[in-house]
Amino acid sequence: NGELDLSGVHYAVLDEADEMLNMGFKEDVETILEATVAEQRQTVLFSATHPPWVRSVAREYLRSPVSVDAVGKGASEAATTVEHIAVLTPDSERARGRTLADVISVYGVSDSRTIVFTSTKREVDELCVSAALAPLGAQPLHGDVTQKQREITLSKFRDGHFPVLVATDVAARG
């Protein structure tokens, strides 16, 4: 609304920049950055992925950008010790839960662990209490779970206390 004076901003930090821009916030980010003084602003973009359009945005808004690649090879790579499976599931939530339970029982072994990613917190909660996944001990991980509980849940999952973790796809990025 033009009520906020951003001319004194020295640092602009965009965490999950790729996701923010992918979700349609590009114009909002541009509006904010344009309200700052580019010559006095250091802009930092954090991103789990570096698709070409993120690099394009970086070139547009950063001066002398430096890219830090935590993977070390210039591209994200899936872990070779993890089996990735994509399965198109039926639309009904009940059928989806049964399909997921079937996939887990077919591909899982006695000491394996499975992470199921969904797009909403509601889906996470519903899958965890569903007749199909509740018997497997499925536990939720999403933004409504406190940070302390998230750490406990992840620790117990890593230690094998339960075999199925159901998380929002945002959690996949971290």
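What is the accessible surface of the protein, and what share of this surface belongs to carbon and sulfur atoms? The accessible surface comes to about 12,100 Å² (Shrake-Rupley method, 1.4 Å probe; for residues, only the protein chains shown count as cover), and 53% of this surface belongs to carbon and sulfur atoms.

The model is predicted, with local features requiring pLDDT of at least 70 and side-chain atom pairs pLDDT 80 or more, while totals for chains, interfaces and linings use all residues. Residues are numbered from 1 along each chain as its sequence is written, and side-chain values use heavy atoms, with hydrogens and water left out.

**View 1. Overall arrangement of the protein.** The secondary structure comprises 6 helices and 5 strands (DSSP runs numbered from the N terminus: H or I of at least four residues for helices, E of at least two for strands). From the N terminus, the order of elements is β-α-β-α-α-β-α-β-α-β-α. Of the 174 residues, 26% are buried (buried, under 20% relative accessible area; exposed, over 50%; partly exposed, in between; 1.4 Å probe, protein chains only).

**View 2. The largest nonpolar core.** This core has 12 residues in all, including L100, I104, V124, L127, V164 and V166 (a set of buried Ala, Val, Leu, Ile, Met, Phe, Trp, Tyr and Cys residues joined through side-chain atoms within 4.5 Å). At least two residues of the core come from each of helix 3, helix 4 (121–129) and strand 5 (164–168). A138 touches C128, L133, V164 and V166, residues up to four places away in sequence not being counted (contact, heavy atoms within 4.5 Å). Another core, of 8 residues, lies apart from the largest one, with A12, A17, V57 and Y61 among its members.

**View 3. The surroundings of E30.** E30 belongs to helix 1 (residues 17–34) and is buried, with a relative accessible area of 16%. Neighbours within four places in sequence aside, E30 contacts E60 and Y61.

**View 4. The aromatic pair F157 and F162.** The count of aromatic pairs comes to 1 (ring centres of Phe, Tyr and Trp, the latter by its six-membered ring, within 6.5 Å; planes under 30 degrees apart stacked, over 60 edge-to-face, the rest tilted). The ring centres of F157 and F162 are 5.6 Å apart and the planes stand at 40°, so the pair is tilted. Both F157 and F162 are buried.

View 5. Y107 lies in helix 3 (residues 93–107) and is partly exposed, with a relative accessible area of 48%.
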